[in-house]
Amino acid sequence: MVAAGLKPVADMAPTAIAIDGVTKRFGGLTALENVTADIRDREFVSILGPSGCGKSTLLRILAGLVGCEEGGIDIFGGRVNGPRDDVGVVFQTANLLPWLNIEANLRLGLEIRRGKAVARATEIAPMVETLGLKGFEQHFPHQLSGGMRHRVAIGQTLLCDPRVLLMDEPFGALDALTRDRLNMELLRIWQRDAKTVVLITHSIAEAVLLSDRVLVMSERPGRVIRDVTIDLPRPRDPSKTRESAAFGEYVVELSRLMGVG
Amino acid sequence: MTGPIRQAAEALLFCIALIILWEGGVRLFEVKPYLLPSLSAIAAETWRAKEQLWHHSLVTLGEVALGFAFATVLGVALAALIFFVPLAKRTLYPFVVALQSIPKIGLAPIIVVWCGYGLASKVTMAFLFAFFPIVITTLGGLASTPAHLEEHFRALGAKPWASFWRLRVPSALPSFVDGAKVAMPLAVIGAIVGEFVGSNDGLGNLILIATGSSQTALSFSALLVVTGLSLVLFYLIEALGRLVWWRQG
């Protein structure tokens, strides 16, 4: 457990994810070139980069969904060669099954990973409460707003209680207000459950607001061009944190690195 | 008047107008009954021959039901085989597409030669008519599983069996239901064609016999009953299909 207000990640925390010289090619096209980074246990790291820089590809490699031509990934010391049970992925699209109600969708991840018995025995009420889905358990995905569907998708992944949470622009399609709310929910869950989070985003403000560290990627072929530690106090808050001078400085610095400042 | 009620009323009025036109036209121009009987004569004939019509309906219904059932079971099985076994896709699939182009009506005499005048030849014809739409739509349904859901299942570490039952089958169901809706009236056509070519029984046989002996009103009665049978079966599938209410966006 991390106490509120403390800097959550000690520099000596063990490495959770070691990205070691990953190069990925699609035919003659190099998507990722020699990407190297270490992500520590319980760290919240954002990967920031322009569209098409290969950040989603990097996430798929981290998730064990695709391989790479050179280099490799170690998660908790084990080489990634396929999807792992201690890694949860939240994709850009809310991947819900249209024929299952919200409760069944929430339990689906557990059911596939640990079987029907565990899924049935798991208490989902607290998660439903946390994600503000109370009263919608028996609804179907098409009856929910986009923001709620994303919350269900996140809830499904969180219920599996993965040590590592990989998120590929999970809030990209949402309006600013919903996005802020989900960002804060995500931070709260991350601090409470002590997870390692890797968030792919192209929003500089979102990366600064949430992360301990931001890895900035170049345009294709994607490389990590800068590793910026975000030294802002926690817990963070969308309005207060954004008003601080330090927040503005980080945003300016990262904008310059991405060539938009 | 509200929209749907008004629409129904308009359709009903049009229907009544058609009935008056038919009945009045036949009486006014004194059309010979063996060419075109009046509607009232057809109605009277239907009532008179109700037991005969019932008997032949049951025969045809049995042929259609069996043919459709075989088409569904074998069609889904073949679609799954083609979808999951690459060798089957390379060898069987082009074969199925080619077979689909054969005019099934042309096969009827050969089927009668092979299967005889009894139930088997009619079931085979109903099967042949219904089979291909089910194979093609089921195949399309299996292939229509959204890629992002497949990836999600892979990320969850789903076993192939779980992916099949939890994802592919429900994804394919709406398309399969569409295929079944097309196939059901086709199965009725298949059975009637089979009866035309060689039979002792069934509504198709009755149409043939009645027309041949200038009992045109009876022929119309049988046609009416076939149409009703086909409609009832179609709406049965439609009602069952309502259970599969989801559609991929």
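Predicted model: local features only at pLDDT ≥ 70, side-chain atom pairs only at ≥ 80, totals over all residues.
User: Staying in chain B, how do α3(B) and α6(B) cross?

Analyst: The axes of helix α3 (residues 50-84) and helix α6 (residues 119-143) of chain B come within 6 Å and cross at roughly 35 degrees, and the crossing of α3(B) and α6(B) is right-handed. Sorted by class, the residues in the contact of α3(B) with α6(B) are 23 nonpolar, four polar and two charged.

User: Which elements of chain B have the lowest and the highest mean pLDDT?

Analyst: Among the elements of chain B, helix α4 (residues 86-100) has the lowest mean pLDDT, at 90, while α3(B) has the highest, at 96. Chain B as a whole averages a pLDDT of 93, and 98% of its residues score at least 70.

User: What about the average for chain A?

Analyst: Chain A averages a pLDDT of 88, with 95% of the residues scoring at least 70. Over residues 1-7 of chain A, however, pLDDT stays under 50, and for that stretch the model has eight contacts beyond four places in sequence.

User: What are the ipTM and pTM of the model?

Analyst: The model scores ipTM 0.87 and pTM 0.82.

User: How many residues of chain A are in contact with chain B?

Analyst: There are 13 residues of chain A in contact with twelve residues of chain B. On the side of chain A that touches chain B, helix α2 (residues 102-114) of chain A gives the most, with three residues. By class, the residues on that side of chain A are eight nonpolar, three polar and two charged.

User: Which residues is Ile204(A) in contact with, leaving aside its neighbours within four places in sequence?

Analyst: With those neighbours left aside, Ile204(A) is in contact with Leu48(A), Val251(A), Leu254(A) and Ser255(A). Leu254(A) is 50 residues from Ile204(A) along the chain, and their C-alpha atoms are separated by 6.9 Å.

User: How does the span of α9 in chain A work out?

Analyst: Helix α9 of chain A runs over residues 245-257, and at 1.5 Å a residue its 13 residues should span 18 Å; the end C-alpha atoms are 19 Å apart, which agrees. Just after α9(A), Gly259(A) takes a positive phi of about 80 degrees.

User: Where are Arg42(A) and Asp161(A)?

Analyst: Arg42(A) has its place in the loop between β2 (29-40) and β3 (44-48) of chain A, and Asp161(A) lies in the loop between α5 (146-159) and β7 (164-168) of chain A. Arg42(A) has a positive phi of about 70 degrees although it is not a glycine, and Asp161(A), also not a glycine, has a positive phi of about 50 degrees.

User: Are those two buried or exposed?

Analyst: Arg42(A) is buried, with 21 other C-beta atoms within 10 Å, whereas Asp161(A) is partly exposed, with 16 other C-beta atoms within 10 Å.

User: Which residues does the cis peptide bond with omega near -5 degrees join?

Analyst: That cis bond runs from Arg220(A) to Pro221(A), and Pro221(A) is found in the loop between β9 (213-217) and β10 (224-229) of chain A. A cis peptide bond also joins Arg234(A) and Pro235(A), with omega about 0 degrees, and Pro235(A) has its place in the loop between β10 and α8 (238-243) of chain A.

Note on methods:
Residues numbered from 1 in each chain as written. Chains lettered and ligands numbered in written order. Contact = placed C-beta atoms within 7 Å. Helix = DSSP H or I, 4+ residues; strand = E, 2+ residues; numbered from the N terminus. Nonpolar A, V, L, I, M, F, W, Y, C, P; charged D, E, K, R; others polar. Expected span 1.5 Å × (residues − 1). pLDDT = per-residue confidence, 0-100. Axes fitted to C-alpha atoms, helices over the stretch in contact; angles between N-to-C directions. Left-handed = near helix turned anticlockwise from the far one by under 90°. Buried ≥ 20, exposed ≤ 12 C-beta atoms within 10 Å, placed from the backbone.
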